[in-house]
Amino acid sequence: MKESRKEKSWFYRSFLNNHATVLLINILIVFLIIFLFSKISFVFQPVGQILGITMPPVILALILYYLINPLINVLEKKFHVNRILSISVVFIIIAALIVWGIMSLIPLVQSQITSLIKNWPSYWDSLNKGLQHLFSDPKMHVFRDRLMSADQNISKSFEKSMDSIVPQTFNNIGSALSVVTNVVMILLTAPFILFFMLKDDKKFKESVIKFVPNRARQSTSEMLTEMSQSLSSYITGQLTVAFWVAVMFFVGYLIIGQRYALVLGIVAGILNLIPYIGSTLALLPSLVIAAFIAPSMVLKVIIVFLVEQTIETRVISPIIVGNKMQMHPVTTILVLLVSAGMYGLIGMIAGIPIFAILKIICTRIFRWFKRNSSWYTDEDIIEEESQAPKNPQPEPISDVTKDSEKNHK
């Protein structure tokens, strides 16, 4: 009788047996844990330093892995070529292409960059003269005065920056050498990591699955497969589109006679890694250089940009990328704004794949909560599972893992 009265009390109904109260308590516990971790953040500083040293070559190797692994799989499965032999052959071909690029492309790019820096003052003077001639009309005296003041301010700021750059250059020689050393170490370490990623690609997921409880191994395997396919489609798609964008800009600029076509094409390909706004950003330096040459060249550059955008959006992107990320354009723009505001250019490039991974994890956690919570009915679960995309088929777990599962049972 006492227990029945206690269960019927208002305290039990309002607090002990209330889903909202339990949820708020769990949220409070999570924030308390975060607060405690923030107070002992110094304990995790060595971990952050270790990740800062090890992650750059791992990320570079991961990007190359998603580019090369499909080719290795085709050689192994269809042509029955030994995996280590195919990896070695692909590495030799890549090394030959790098040597060819260093011997042929880099001197051409260097000469164009040197010419651009050398001719920049004359371009600036011609632009000033053209603008002064444009604003020579007495009716435009207000704009002329503002233009002259802006020109003087730019010149003064340039002189001040040059005066400050010279001593800073000598002071930052040590930091520059350390940066160069880190870059060299990354370029030397990444190929070794890439080799073992390609050689033991199936063992990585199996090693992770072994630490997961038996009842969650299937779902975890599916989640890892989905994350890997999402990253693979994004990385290969973006880099392929960026390559063809660079080629299209380079060919278009050669046709219209735009100067520094190779450099501008490479810049366009790199900036195209930023979704939606990359090609527009790549147009700006070309317009500046075209404005120094002739007004007709500006029109030609705009025409090249429009043709490139039409081919990219109507042909290349739908075929190569499509909508594999399953993200709404508004969501993509918001992610770009947040990632760019927090981490700059790197955030704009890496924000979309990181968000896609977090989306996969959060979606699966929500599905699990929906199936195991009393807040949702069976009809809600069936409707949500019918609308959800089909899960990719995970690779079969190795025999060793299966034997360990049987022994455990």
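Predicted model: local features only at pLDDT ≥ 70, side-chain atom pairs only at ≥ 80, totals over all residues.
Student: How many aromatic pairs does a search of the whole structure find?
Tutor: The search finds six aromatic pairs, where rings of Phe, Tyr and Trp (its six-membered ring) pair if their centres lie within 6.5 Å, and planes under 30 degrees apart count as stacked, over 60 as edge-to-face and the rest as tilted. One of them joins Phe37 and Phe44, a tilted pair with 5.5 Å centre to centre and 45 degrees between the planes.
Student: What about Phe195 and Phe196, what kind of pair do they form?
Tutor: Phe195 and Phe196 form an edge-to-face pair, 5.5 Å centre to centre with 85 degrees between the planes, and together with Phe91 they make up one aromatic cluster.
Student: New topic: where in helix 4 is the kink?
Tutor: The kink, about 40 degrees, lies at Ile68, shortly before the proline Pro70; the bend at a residue is the angle between axes fitted to the seven residues ending there and the seven starting there.
Student: And which residues of helix 4 are buried?
Tutor: Among them are Pro57, Ala61, Tyr65, Tyr66 and Ile68, where buried means under 20% relative accessible area, exposed over 50% and partly exposed in between (1.4 Å probe, protein chains only).
Student: Why does Phe37 count as partly exposed?
Tutor: Phe37 counts as partly exposed because its relative accessibility is 45%.

How values were computed
Residues numbered from 1 in each chain as written. Heavy atoms only, no water. Helix = DSSP H or I, 4+ residues; strand = E, 2+ residues; numbered from the N terminus.
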